Amino acid sequence: MSGLDLKELAEIELQRDEEEAAALGTQRQPLAAPTTGEDPALSMSHPFYDVARHRILQVAGDDHFGRRVITFSCCRLPPSHELNHKRLLEYLKYTLDQYVENDYTLIYFHYGLNSWNKPSLGWLQSAYKEFDRKYKKNLKALYVVHPTNFIKILWRIFKPLISHKFGKKITYFNYLSELREHLKYDQLIIPPEVVRYDEKLRNLPRGRPPHPTKKPPPRPPLPTQQFGVSLQYLKDKNKGELIPPVLRLTVTYLREKGLRTEGLFRRSASIQTVQEIQRLYNQGKPVNFDDYGDIHVPAVILKTFLRELPQPLLTFEAYEQILGITSVESSLRVTQCRQILSSLPEHNYAVLSYLMGFLHVVSQESIFNKMNSSNLACVFGLNLIWPSQGASSLSALVPLNLFTELLIEYYENVFSGREAPGGHPPPSAEAGHPGSPSARGCAGDGPAASLVSPVVPPHPLTLAGRHL
């Protein structure tokens, strides 16, 4: 799996962490800037006062072997635009320089890391390289508390850089209580947010909660419910319209204003904003995306809508067939895609055709937006199909993304011969075999290879001229 593929998956997992925290009622809100009164030992003359005042790094007593303990709390990281990460790295080194001559232990509290306060992966890679042997030699233990799938993906990204010897120093703890057998727990400076999160986790009957996006809508659903209900429900409540309103309106907005936005569909949005828009849609109220001033907001709403369908758009039944796409000869893969899609319910097929037609158009602007069919597939694969039980494994990403890439890149060939939304079959593909994109992951940023001119999904027939 390519580096970009893993980075995209890391973004997805981080967004899931945020949603899960929100479902637990422990979602971290932006903190007010700390004042000197909160830490009497900190003076404004401190060379790194601008970073130290956030109390991200704390020295917290000793472990059972007498080694100094230093904690790093993600929930104390302010929004990225409020923190100079270069200064953060310098402050980390400045602090550790006082202790690295002797053995020491690090505790990393993962809770609270989210899309708006996380350092970039590039920064993390640079930071790891900055901490040379002097810092690693006497680090005897690194405890990661409350790890999530994001940490697992991060490990895979960094694995080529991390020595086997250093890797053996890392231990994962799901609960704070597990720290007691390794260090003097009462001496630790643990942020109250982390303690509350730990309590919520421990009170759950079966470990971590299910993915909050699979939370069912009210029963019975609101007449205007848009998220978390079936395609059939949406059709019945929208006078037989096949294309769900949220999908049609976000596609229309993005087609008009976002086709050349770099990184379209790769960026995240505030979970509070997403939840607010979902609430408005579910209550049948208008949404004007212009009010949010961020083209990535409707892009996230579109992905969220797909992810919250009770059954994936490509259906549970197609999952195993799609996983087999990599074993099909490359020259026959487009034909195999058509065959798999032929078994979809008519409604699913219509919605899928509408969406893929739009993504095909997005890919044709990849010289500007850097989102060719391969990169779009990395974003949408997991939002179009997932297993009926559990989550997709990392090994399943290659076939899922490849299948999605084929649908986008060879849209007209794949969807020819069966009616698309609006009652008109898409034009046939050009003569000649379309070939097949390789299972190359998400590394390419060049223009997507296209066989035919794009077919833009039709404008909404209702609510025209109003952006919801």
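**Entry 1: where H12 meets H17**

I looked up the residues through which two helices touch, and found that Leu302, Lys303, Leu306 and Arg307 in H12 meet Val379, Phe380, Asn383 and Leu384 in H17, a contact being heavy atoms within 4.5 Å. The model is predicted, and I kept in mind that local features need pLDDT of at least 70 and side-chain atom pairs count only at pLDDT 80 or more, whereas totals for chains, interfaces and linings use all residues. Residues are numbered from 1 along each chain as its sequence is written, and side-chain values use heavy atoms, with hydrogens and water left out.

I sorted the residues of the contact of H12 with H17 into five nonpolar, one polar and two charged, where Ala, Val, Leu, Ile, Met, Phe, Trp, Tyr, Cys and Pro count as nonpolar, Asp, Glu, Lys and Arg as charged, and the others, Gly among them, as polar. For the geometry, H12 (residues 296-307) and H17 (residues 373-384) pack at about 30°, with axes 8 Å apart; the axes are lines fitted to C-alpha atoms, for helices over the stretch in contact, and angles run from 0 to 180 degrees between N-to-C directions. H12 and H17 are therefore roughly parallel, since angles under 35 degrees count as such, over 145 as roughly antiparallel, 65 to 115 as roughly perpendicular and the rest as oblique.

**Entry 2: the chain as a whole**

I counted 19 helices and five strands in the protein chain, taking helices (H or I, at least four residues) and strands (E, at least two) as DSSP runs numbered from the N terminus. Of its 468 residues, 53% are buried, that is, under 20% relative accessible area, with exposed meaning over 50% and partly exposed in between (1.4 Å probe, protein chains only). Among contacts between residues at least 6 apart in sequence, 79% join residues at least 24 apart.

**Entry 3: the nonpolar cores**

I then turned to the nonpolar cores, each a set of buried Ala, Val, Leu, Ile, Met, Phe, Trp, Tyr and Cys residues joined through side-chain atoms within 4.5 Å. The largest has 71 residues, and Phe265, Leu341, Leu352 and Met356 have the most contacts inside it; its largest share, 10 residues, comes from helix H15 (residues 346-363). A second, separate core of 41 residues includes Ile70, Leu88, Phe166 and Ile170. Leaving aside residues up to four places away in sequence, I found Met356 touching Leu384, Leu407, Ile408, Tyr411 and Phe415.

**Entry 4: the sheet**

I traced an open sheet of five strands in the order S1-S2-S3-S4-S5, with mixed pairing, two strands being paired if DSSP finds at least two bridges between them. S1 (57-62) and S5 (170-173) are the edge strands, each pairing on one side only, and the twist averages 25° from one strand to the next. S1 and S2 (residues 68-73) run antiparallel and are joined by four bridges, while six bridges join S2 to S3, which run parallel; Phe72 has Tyr108 in S3 as its bridge partner.

In S3 (residues 104-109), six of six residues are buried, with Tyr104, Leu106 and Tyr108 on one side and Thr105, Ile107 and Phe109 on the other.

**Entry 5: Val144**

I placed Val144 in strand S4 (residues 139-145), where at 7% relative accessibility Val144 counts as buried. Beyond four places away in sequence, Val144 touches Tyr108, Ile170, Thr171, Tyr172 and Phe173; Val144 and Phe173 lie 29 residues apart in sequence and 6.1 Å apart in space, C-alpha to C-alpha.
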